[in-house]
Amino acid sequence: MLFFEEKRREVMLHIEKFMLEKKDEYLKPIDTIWQPSDFLPDSSRDTFFSEIKELQESAQGLSYDLIAVLIGDTITEEALPTYESWLTMVQGVSRDEEGGWMQWTRHWTGEENRHGDLLNKYLYLSGRVNMRMMEISTQYLIADGFDIGTGHDPYRNFIYTSFQELATNVSHRRVASQAKKDGDTLLSKMCGVIASDEARHAKAYKYFIGKIFEVDANEAMIAFEDMMRKKIVMPAHFLREVGLKIGQTFGHFTDAAQRLGIYTAIDYVDILKELIEDWHIESTVDLNETGEKARDYIMNLPNRLLRVAERMKNPMLEYKFSWING
């Protein structure tokens with residue numbers, strides 16, 4: 001076990017220099033990146049109230065399911081304190097404030113923080129949302145924490161974030177597309193720029209794991225297999241409303257996403273296929289017997305999951321969220 005932890009520490013020290021090198025490639029300068037105020041009505045202008053009226057008129061055209069998905073996405077984005085604290089607890093990484101891991105974590109958090117700020121303000125102004133109920137769910141999600149199956153292992157954490165950033169890119173991109181169809185071009189633009197951030201972040205985490213595969217392929221493969229056996233769960237899987245148990249609301253949220261085609265079981269399979277290709281899983285060398293078995297499991301998994309996904313029926317709309325007015 002000691003050797004295992006020492007090897008992880010060595011590999012993460014190796015990866016940290018790439019995190020420093022690539023920070024400016026995968027994260028944008030703070031002074032020039034978009035901010036929520038670039039998209040929202042400006043309260044200092046005489047046109048403020050007419051802009052809010054226009055925003056609310058556009059928001060009226062959004063479907064019930066789309067509002068539900070948007071709120072769930074917003075709450076997930078706003079649970080950022082959980083994700084930052086989780087990343088700083090990963091074992092085997094340097095706690096040096098100027099080192100690659102801590103710098104990346106802080107700057108990544110700073111970029112992600114804008115997403116919740118923007119969506120929260122939009123929902124507040126839209127008039128479609130019971131903000132107090134939504135805010136309670138956000139506080140619950142932060143207070144309840146989450147268990148995503150990674151433990152404190154850096155390899156499993158990077159695999160999780162690679163998958164998750166790709167998933168959030170899909171979700172925000174599809175919400176943007178649906179909002180445009182429903183006539184809300186402002187929301188479409190907002191979700192589009194958020195999706196673009198998530199795509200950049202996904203490239204970064206995929207790159208970091210790619211570097212781990214170069215120097216510790218066997219353990220990286222075993223970690224990948226383990227994460228896929230556990231299934232990659234959304235950060236919001238502990239989502240709940242007032243009076244409900246942990247996770248109960250999440251099922252209704254994913255039903256809404258599935259009905260709209262925002263994020264489906266097929267998307268899960270497509271993301272897995274992308275990671276298998278990007279990390280060259282099929283052609284990876286230097287694997288022992290356990291690593292080979294892990295690779296076999298991963299390579300066979302997409303077809304197995306696809307068969308299950310194709311048999312799934314679209315859930316009916318039977319649930320009313322406390323978050324949504326009317």
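Below you will find a short tour of this structure, which is a predicted model.

**The chain as a whole**

The chain has twelve helices and zero strands, so its pattern along the sequence reads α-α-α-α-α-α-α-α-α-α-α-α. The radius of gyration is 20 Å, close to the 20 Å that the globule rule gives for 326 residues, so the chain is as compact as a globular protein of that length. Its C-alpha atoms fill a box of roughly 65 × 50 × 35 Å along the principal axes.

Of the 326 residues, 54% count as buried. Among contacts between residues at least 6 apart in sequence, 83% join residues at least 24 apart. The chain exposes about 15,400 Å², and carbon and sulfur atoms supply 52% of that area.

Now have a look at helix H2, which covers residues 48-59. From its first C-alpha to its last, this twelve-residue helix reaches 16 Å, close to the 16 Å expected at 1.5 Å a residue. Which residues of H2 are buried? They are Phe-48, Glu-51, Ile-52, Leu-55 and Ala-59. Seen down the axis of H2, these buried residues fall within an arc of 100 degrees, so they line one face of the helix. Their cover includes helix H5 (100-126) and helix H8 (185-215). On the other side of H2, Phe-49, Lys-53, Glu-54 and Glu-57 are exposed.

**Rings that pair up**

The structure holds 20 aromatic pairs. In one of them, the rings of Trp-108 and Tyr-205 have planes at 80 degrees, so the pair is edge-to-face. Trp-108 lies in helix H5 and Tyr-205 in helix H8, so this pair ties together parts that are 97 residues apart in sequence. Another pair, Phe-250 and Phe-253, is tilted. Both of its members lie in helix H10 (residues 248-260), three residues apart, which is about one turn of the helix.

Here are the two pairs in a table:

| Pair | Centre to centre | Angle between planes |
|---|---|---|
| Trp-108 and Tyr-205 | 6.3 Å | 80 degrees |
| Phe-250 and Phe-253 | 6.1 Å | 45 degrees |

Phe-250 counts as buried at 15% relative accessibility, because the cut-off is under 20%. Phe-253 is buried too, with a relative accessible area of 4%.

Finally, ring pairs link Trp-108 and Tyr-205 into a cluster with others, including Phe-18, Tyr-26, Trp-101 and Phe-208.

Terms used: Residues are numbered from 1 along each chain as its sequence is written. This is a predicted model: local features need pLDDT of at least 70, side-chain atom pairs count only at pLDDT 80 or more; totals for chains, interfaces and linings use all residues. Side-chain values use heavy atoms; hydrogens and water are left out. Helices (H or I, at least four residues) and strands (E, at least two) are DSSP runs, numbered from the N terminus. The expected span of a helix is 1.5 Å times one less than its number of residues. Buried means under 20% relative accessible area, exposed over 50%, partly exposed in between (1.4 Å probe, protein chains only). The arc is that of the directions from the helix axis to the C-beta atoms. Contact means heavy atoms within 4.5 Å. The radius of gyration is taken over C-alpha atoms; the globule rule is 2.2 Å times the number of residues to the power 0.38. Accessible areas come from the Shrake-Rupley method with a 1.4 Å probe; for residues, only the protein chains shown count as cover. Rings of Phe, Tyr and Trp (its six-membered ring) pair if their centres lie within 6.5 Å; planes under 30 degrees apart count as stacked, over 60 as edge-to-face and the rest as tilted.
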